[in-house]
Amino acid sequence: QVQLVESGGGLVQAGGSLKLSCAASGNIFSINAMGWYRQAPGKQRELVALLPTGGGTQYADSVKGRSTISRDNAKNTVYLQMDSLKPEDTAVYYCNAFVIVIGSYGRDYWGQGTQVTVSS
């Protein structure tokens, strides 16, 4: 019913930048919070940045000051601008959204993930 499709991952040198995008589509009535999580090999998935509908962004300490989350509500799209990338930012990045489906209830949806690799 709802799909989240990420794009923008890739290979970048340390110090470089990437901008991730995630577009939600389907039987969407409304979207509450949208955010980005990441999972590195052998580690648990962790929150990178969160942006509720009413504002009030939240960032992981490890990316604070280097990343900016934003969203285009008209396009049901959330973005993550990442600057000054470090090798430890290497992970699969997942988009998350709490979506209220038309005629149904709300729940969390996840994208398929996009690989970000930062070389030293």
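**Working chat on a predicted model**

Biologist: Is Val48 buried or exposed?

Modeller: Val48 is buried, because its relative accessible area is 1% and the cut-off for burial is under 20%. This is a predicted model, so the value is computed from predicted coordinates.

Biologist: In which strand does Val48 lie?

Modeller: Val48 belongs to strand β5, which covers residues 46-51.

Biologist: What separates the C-alpha atoms of Val48 and Tyr37?

Modeller: A distance of 4.9 Å separates those two C-alpha atoms, while Val48 and Tyr37 are eleven residues apart along the chain.

Biologist: Let us turn to Gly111. Where is Gly111 found?

Modeller: Gly111 sits in the loop between β10 (106-110) and β11 (114-119).

Biologist: And is Gly111 buried or exposed?

Modeller: Gly111 is buried, with a relative accessible area of 11%. The C-alpha atom of Gly111 is 8.8 Å from that of Ala97, a residue 14 positions away along the chain.

Biologist: Next, the disulfides. How many are there by this rule?

Modeller: The count is one disulfide. This bond joins Cys22 to Cys95, with an S to S distance of 2.1 Å.

Biologist: Which parts of the chain does the pair link?

Modeller: The pair links distant parts of the chain, 73 residues apart. Cys22 is in strand β3 (residues 18-26), and Cys95 is in strand β9 (residues 91-101).

Biologist: What is the handedness of the link of Cys22 and Cys95?

Modeller: The link is left-handed, with -80° about the S-S bond. Cys22 and Cys95 are both buried.

Biologist: Now the open sheet. In what order do the four strands come?

Modeller: The order is β1-β3-β8-β7, with antiparallel pairing. The edges are β1 (2-7) and β7 (67-72), each of which has a single partner strand, so one side of each is left without a neighbour in the sheet. On average, neighbouring strands of this sheet are turned by 15° against each other, direction ignored.

Biologist: How many bridges join β7 to β8?

Modeller: Six bridges join β7 to β8, where β8 covers residues 77-82 and the two strands run antiparallel. Ser67 has Met82 of β8 as its bridge partner, and Asp72 stands opposite Thr77 in β8.

Biologist: How many residues lie between the strands in the hairpin of β7 and β8?

Modeller: There are four residues between the strands, and Asn76 in this hairpin takes a positive phi near 50°.

Biologist: What about β3 and β8, over how many bridges do they pair?

Modeller: β3 and β8 pair over six bridges, in the antiparallel sense. Leu18 stands opposite Met82 in β8.

Biologist: How many of the residues of β8 are buried?

Modeller: Five of its six residues are buried, and β8 is mostly covered.

Biologist: A last topic, the largest pocket. What is its volume?

Modeller: The largest pocket has a volume of about 160 Å³.

Biologist: Which residues line the largest pocket?

Modeller: The lining consists of Arg38, Gln39, Ala40, Lys43, Gln44, Glu46, Glu88 and Ala91.

Biologist: How do the residues of that lining divide into nonpolar, polar and charged?

Modeller: Four are charged, two are polar and two are nonpolar.

Conventions: Residues numbered from 1 in each chain as written. Predicted model: local features only at pLDDT ≥ 70, side-chain atom pairs only at ≥ 80, totals over all residues. Heavy atoms only, no water. 1 Å grid on protein atoms, 1.4 Å probe; cavity = no way out; pocket = protein on both sides within 12 Å on 5 of 7 lines; lining within 4 Å. Points joined across faces, edges and corners; volume = space filled by probe spheres on them. Nonpolar A, V, L, I, M, F, W, Y, C, P; charged D, E, K, R; others polar. Disulfide = S-S within 2.5 Å. Buried < 20%, exposed > 50% of the residue type's maximum accessible area, 1.4 Å probe, protein only. Pairing = 2+ DSSP bridges. Axes fitted to C-alpha atoms, helices over the stretch in contact; angles between N-to-C directions.
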